[in-house]
Amino acid sequence: MTKSHPSASQPSTPTAEPAETGCAGGLTVLDPLPGLPGPADAPEDGAAGTADGPGAPPGTVQDRLAGRLSDITSLHEHTERLARARGLTATLDAVLASGAALLGAARGVLVTLLPGGGPGQPVGLGLDRASLGALETVPTEQSLLARLLREQDRPDQLHSVDLAEDPAVGGRLRELAVHLGLGGAYGLPLATDEDGPLAAAVWFYDRPAEPTDCQRELARHYCGIAAPLLAKQLEADRTRRTTEALRRGLLPDHLPQTPGLRLAARLVPAGLDRSSGSDWYDAIPLPDGTVGLTVGSVSGDGPGAGPGSAPGAAAAMGRIRAALRAYAVLEGEDPVSVLGDLELLLKTTEPTRTATAVYAWIEPEERRITLAGAGHCPPVLVGRYGAEFVETSLSAPLGMLACWEAPGVDLTAARGDTLLLYTEGLARRCGPTLHAGQANLRRAAADAPRDVRVDPARLCAHLLAVCPAPDTAPATDDLLLLAARFE
């Protein structure tokens, strides 16, 4: 194992080398590598002599320039592919695949450096999960990836002609090389001056081999371009994870256990870079043994709000949900009063926002349900013989009119019935229009197998699975389900 080019002390045993993809590396034709002529070095037509000296075969320089142009074209194609990658996962996959293509390697593994130090979850090319797990068992002092992630004394490159026979490679890595059929290896760090080490990648050949000087130069140029792009993706991913964690922290971490009532909820949040609102759900145990259930959705900073308003909407969702819990404790058995108080708060403290909501007061022993909705999708009551909408009166969302007012709805459920509350995002994902999506959702609930309908958690998972998006576009709305089954 060496950190740069092989030293003179390395064994001179002949090894099979991968097919050379080109004979130069660089970004522009005007920036030749040492020993490689640029356009200014090319002789004019008919001129005697070449860069290889007098008497060199005609066309040698032209052939080398053609090879250089091919290298530059290949590098350009791979960097364009990298620039088109969307998201951290796609970027890591692109780095692995392009690096393998430039080096003529078959397989590879890449890890990013975690914020607290140490390698993260490995990403593989041509390696299954079991193989990646086996590579994770290599001790840190033997790991090629760990060396490339060092803050100090980080090598520019690492390579081994034959991992299984390399005395500089630790015993565990040699053992895995034999087990996994790994031959030669070549690794590079991905780092920037500003951020330091970001990730490390090692590519493997299926036989004893090493890349040519030209292949190494191409790979180093590519990783130099990829590193700053990867830095931006890593920063965006950390911001997204932090924001999503804070957002989930605004929602219940568990649902209450109430005799006679089984509860389950599923939330698939849309990315805050695409969404313009934020959904909530809650199950509130009340002092008299009853339960208040609610789902709702807060829109952004007024009409026409775009994705940039999503973080603000998520924060507003947390404030509104907290207020609704207080109103539910004070007057939970009157859903109309609860939503009326919430509407007054919204207009007073969040004047540029609107919200849709449904609130249901449930008495588990008697299976009584009293609910009211404000511009929200009608709940679905799933029973033994099908599923029906609980039609709430038509009303505007909270914050839209001078004064919100709508009557409540009273009903009694049968033992074994499940009340299903959901937000508009799920309905729109279940059909081409809102009404069609609601109908498809009701039909899917009615047609669910019996063993699914008796378990609210399985019912939620089933409905999310059978009501996919009508297209492959990323979700712009949260997908939310809250199910309550009467035992």
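Tutor: Before we start, here is a definition we will need: a crossing is left-handed if the near helix is turned anticlockwise from the far one by less than a right angle, and right-handed if clockwise. Keep in mind, too, that this is a predicted model.

Student: Okay! What does the secondary structure of the protein come to?

Tutor: The protein has 12 helices and 15 strands.

Student: So which way is the crossing of H3 and H5, left-handed or right-handed?

Tutor: H3 and H5 cross in a right-handed way. The residues making that contact are Ser131, Ala134 and Leu135 on H3, together with Arg172, Leu176 and Leu180 on H5.

Student: How many of the residues in the contact of H3 with H5 are nonpolar, polar or charged?

Tutor: There are 4 nonpolar residues, 1 polar and 1 charged.

Student: And at roughly what angle do the axes of H3 and H5 cross?

Tutor: Helix H3 covers residues 129-136 and helix H5 covers residues 171-180; their axes come within 10 Å and cross at roughly 165°. Angles over 145 degrees count as roughly antiparallel, so H3 and H5 are roughly antiparallel to each other.

Student: Nice. New topic: where is serine 278?

Tutor: Serine 278 sits in strand E7, which spans residues 277-285.

Student: Is serine 278 buried or exposed?

Tutor: Buried means under 20% relative accessible area. Serine 278 has a relative accessible area of 0%, so serine 278 is buried.

Student: Which residues does serine 278 touch?

Tutor: Setting aside residues up to four places away in sequence, serine 278 touches Arg247, Gly296, Ser297, Val298, Ala313, Ala314, Met317 and Asp478.

Student: What about leucine 250, where is that?

Tutor: Leucine 250 lies in the loop between helix H6 (213-249) and strand E6 (261-268). With a relative accessible area of 30%, leucine 250 is partly exposed.

Student: Which residues is leucine 250 in contact with?

Tutor: Apart from neighbours within four places in sequence, leucine 250 contacts Ala314, Ala315, Met317, Gly318 and Arg321. Leucine 250 and arginine 321 are 71 residues apart in sequence, while their C-alpha atoms are 8.4 Å apart in space.

Student: Are cysteine 377 and cysteine 430 buried or exposed?

Tutor: Cysteine 377 is buried at 7% relative accessible area, and cysteine 430 is buried at 8% relative accessibility.

Student: Last one: what percentage of the residues of the protein count as buried?

Tutor: Of its 487 residues, 49% count as buried.

Conventions: Residues are numbered from 1 along each chain as its sequence is written. This is a predicted model: local features need pLDDT of at least 70, side-chain atom pairs count only at pLDDT 80 or more; totals for chains, interfaces and linings use all residues. Side-chain values use heavy atoms; hydrogens and water are left out. Buried means under 20% relative accessible area, exposed over 50%, partly exposed in between (1.4 Å probe, protein chains only). Axes are lines fitted to C-alpha atoms, for helices over the stretch in contact, and angles run from 0 to 180 degrees between N-to-C directions. Helices (H or I, at least four residues) and strands (E, at least two) are DSSP runs, numbered from the N terminus. Angles under 35 degrees count as roughly parallel, over 145 as roughly antiparallel, 65 to 115 as roughly perpendicular and the rest as oblique. Contact means heavy atoms within 4.5 Å. Ala, Val, Leu, Ile, Met, Phe, Trp, Tyr, Cys and Pro count as nonpolar, Asp, Glu, Lys and Arg as charged, and the others, Gly among them, as polar.
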